[in-house]
Each structure stands twice: as structure tokens, then as C-alpha cells.
Amino acid sequence: MRLRVEFTTEPFDLDEAPPHAVVAREVIQGADLDAVDVGPFGNTAEGGADEVLTAVDALLRKALAAGATRVSLQVNVLGESGEAAE
């Protein structure tokens, strides 16, 4: 099974990436995932279910420890076409 995770961390700071955002991005970029897209207002990653779920666990733990007050995430199961399954 393949999964896609989309996430943001808060609080936002438009002038400089806060520590929790930096840590979250480092976790995702360092994970064994197939596709990673990081941006100022949201981040997306795709990969096998075990790899995505392992990365999400680390992301939540490390972002919260680094000061995140909210982590919003969505996980979708991907079909064979790479689109979210219905």
C-alpha cells in the first residue's frame, strides 16, 4: 500500500521558519520516502505505508518537542495511478 501525507505545523512565522517547522522538514526529507515536496505553507510526501507511518510518528514527536502547538496532517491511500483512492 502507498500513502501520501500532507502536513503543516503551527504556529506560523512568515519571517523565519520556526524550529518545529525545520525539524518536521528534516524528518520528512531524511525519511525513506519516494516523493517529498516541502513549502512554506504545506508539505507533502509519498511512499510505502510503513515508511510513511514511521516518518509521521517521528514528525509528530519531534515537531511537538520543538515547540509546535498544532500539527495538521492528512493521510491518503494512493491507488495504482498515484491518485488518492476512493
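**View A. Val 23 has a relative accessibility of 22% and therefore counts as partly exposed.** Buried residues have under 20% relative accessible area and exposed ones over 50%, with partly exposed in between, using a 1.4 Å probe and protein chains only. The model is predicted, so local features require pLDDT of at least 70 and side-chain atom pairs pLDDT 80 or more, whereas totals for chains, interfaces and linings use all residues. Residues are numbered from 1 along each chain as its sequence is written, and side-chain values use heavy atoms, without hydrogens or water. Val 23 belongs to helix 1; helices (H or I, at least four residues) and strands (E, at least two) are DSSP runs numbered from the N terminus. Leaving out residues up to four places away in sequence, Val 23 touches Lys 62, Ala 63 and Ala 66, where contact means heavy atoms within 4.5 Å. Leu 33, ten residues from Val 23 in sequence, is 16 Å from Val 23 in space, C-alpha to C-alpha.

**View B. The buried residues of helix 1 line one face of the helix.** Helix 1 covers residues 19-30. The end C-alpha atoms of helix 1 are 16 Å apart, which agrees with the 16 Å that its twelve residues should span at 1.5 Å a residue; the expected span is 1.5 Å times one less than the number of residues. Buried in this helix are His 20, Ala 21, Ala 24, Val 27 and Ile 28. Seen down the axis, the buried residues of helix 1 fall within an arc of 125°, so they line one face; the arc is that of the directions from the helix axis to the C-beta atoms. An α-helix has 3.6 residues a turn, so residues three or four places apart point the same way. The buried residues of helix 1 pack against strand 1, strand 2 (35-38), strand 3 and helix 2 (49-65). Pro 19, Glu 26 and Gly 30 are exposed on the face of helix 1 turned away from the buried side.

**View C. Helix 2 also has its buried residues along one face.** For the 17 residues of helix 2, 1.5 Å a residue gives a span of 24 Å, in agreement with end C-alpha atoms that are 24 Å apart. The buried residues of helix 2 are Ala 49, Val 52, Ala 55, Val 56, Leu 59 and Ala 63. Because these buried residues fall within an arc of 130° seen down the axis of helix 2, they line one face of the helix. Their cover includes strand 1, helix 1, strand 3 and strand 4 (70-78). On the face of helix 2 turned away from the buried side, the exposed residues are Asp 50, Thr 54, Arg 61 and Ala 65. Asp 57 also lies in helix 2 and is partly exposed, with a relative accessible area of 36%. Asp 57 and Val 27 are 30 residues apart along the chain, and their C-alpha atoms are separated by 9.9 Å. Just after helix 2, Gly 67 has a positive phi of about 110°.

**View D. Thr 44 is a partly exposed residue, with a relative accessible area of 23%.** Thr 44 is placed in strand 3, which covers residues 43-48. Apart from neighbours within four places in sequence, the contacts of Thr 44 are Arg 4, Val 5, Glu 6, Ala 35, Val 36 and Asp 37. Between Thr 44 and Ile 28, which are 16 residues apart in sequence, the C-alpha to C-alpha distance is 8.8 Å.

**View E. The loop between strand 1 and helix 1 contains Pro 11 and Asp 13.** Pro 11 is joined to Glu 10 by a cis peptide bond with omega of about 10°. Asp 13 is partly exposed, with a relative accessible area of 39%. The C-alpha atoms of Asp 13 and Leu 73 are 19 Å apart in space, for a separation of 60 residues in sequence.

**View F. The largest pocket has a volume of about 210 Å³.** Among the 18 residues lining this pocket, Phe 12, Pro 18, Ala 21, Arg 25 and Pro 40 are the closest to its centre. On a 1 Å grid over the protein atoms alone, a pocket is an open set of points where a 1.4 Å probe fits, with protein on both sides within 12 Å along at least five of seven lines; lining residues have an atom within 4 Å of a point. Grid points are joined across faces, edges and corners, and the volume is the space filled by probe spheres set on the points. Strand 1 (2-10) and helix 1 each supply at least two lining residues.
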